[in-house]
Amino acid sequence: MSTYVEGTGAGPFESAYVSVDGSGQVVAYLGASPQGQGHETVFSQICADELMLCPDEITIRVGDTANLAFGAGTYASRSAVNAGSAIQIASAKLRGKILAVAATMLEVEAADLQMENGKVFVRTEPEKCMTYKEIAGAARPGNRCKMPVGMEPGLQVTHYFVPPTVTFSSSVHIAIVEVDKVTGFAELKGYSVVHDAGKVINPMIVDGQVQGGIAQGIGAALYEEVVYDEKGQLLTGSYMDYLLPTAMEIPTVEKSHQEFLSTRNPLGIKGVGEGGAISPPAAIANAVVDALAPLDITINQLPISPSKLRNWIKEAETKKHKIEIS
């Protein structure tokens, strides 16, 4: 077994700019750019929840300082925590502007309105409604602007979320390992994890990140090693020599999630991007030690290669034999 606690969602800030354009389409610009983590999916979900739309009706754009000048970036398991909070708060503020303009147009109080499927309507009279396109037109500056007094024209909001400090995610990993004492080969027979990343926005993406992280952790535990010769020449400079686990070596991980919400952001999110990779080396090393429990073996270096493990077994057997004789 292995457990960990990780500080995730580091600052200093993250940004979001959310708008309704002249056609009624919602576009959100973010300062954190993804590299394949599924940000567009998660952030469109968060924005859609606030504006009562389907996620596929939200356009997410990243990596353009012409649209959003400041952004901190994607690292340290921080994007869902910080960019997610930024887009949630910006979307909530935009929701308020939409309702304020619609209330002026429909001559009712904003509290009497409801949003759904790109329309705003009076709760008690659903036939009295306005589309986002009509509201966006009425929010434009000019003599016909329907914005309440004191509110800036246009349906757009920029928000910078500044976290007070990190959020702490955690998990428990359990590895089942079978060791061949003759060859020193350690085979993974099973792997389970229970993880707490706070509010899980998209379970499929979280499961994928945990599974991929564990694959990386297994590589660190059993396969990957940077080796130099006595002259400092790198001997593992290509994938011909640097051993990576493949799908054949990575088990399907049994996963479970607990949701203890963070109090440091409005969605209760904790980071998950690095979580899967942290615990596998310790869990696997502990499992190997447990499998060889009759021997006094301590593992304090990685990877646990067959040659290293066979040497440790030989040393432990020799030591045990000397103790028995004496």
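P303 sits in the loop between α6 (280-291) and α7 (306-325). Helices are DSSP runs of H or I with at least four residues, strands are runs of E with at least two, and both are numbered from the N terminus. The peptide bond that joins L302 and P303 is cis, with omega about -5 degrees. The structure is a predicted model, in which local features need pLDDT of at least 70, side-chain atom pairs count only at pLDDT 80 or more, and totals for chains, interfaces and linings use all residues. Residues are numbered from 1 along each chain as its sequence is written, and side-chain values use heavy atoms, with hydrogens and water left out.

A cis bond also links G11 to P12, with omega near 10 degrees. P12 lies in the loop between β1 and β2 (14-20). Most peptide bonds are trans, and most residues other than glycine have a negative phi.

M52 is not a glycine, yet its phi is positive, at about 55 degrees. M52 is found in the loop between α1 and β4 (58-62). S77 also has a positive phi, near 50 degrees. S77 belongs to the loop between β4 and α2. Burial was judged by relative accessible area: buried is under 20%, exposed is over 50%, and partly exposed is in between (1.4 Å probe, protein chains only). M52 is partly exposed, at 37%. S77 is buried, at 12%.

S77 is one of the residues that E6 touches, along with T167, F168, S169, E274, G275 and I278, not counting residues up to four places away in sequence. Contact here means heavy atoms within 4.5 Å. E6 lies in strand β1 (residues 2-8). E6 is buried but has no salt bridge. A salt bridge needs a side-chain nitrogen of Lys or Arg within 4 Å of a carboxyl oxygen of Asp or Glu. The nearest side chain of opposite charge to E6 is K270, 11 Å away. For charge, Lys and Arg count as positive and Asp and Glu as negative; His and the chain ends are not counted.

The search of the whole structure found 0 disulfides. A disulfide is a pair of cysteine sulfur atoms within 2.5 Å. For C54, the nearest cysteine sulfur is that of C47, 12 Å away. C54 is partly exposed, at 38% relative accessibility. The sulfur of C129 is too far from any partner for a bond, because the closest cysteine sulfur, in C54, is 17 Å away. C129 is partly exposed, at 31% relative accessibility.
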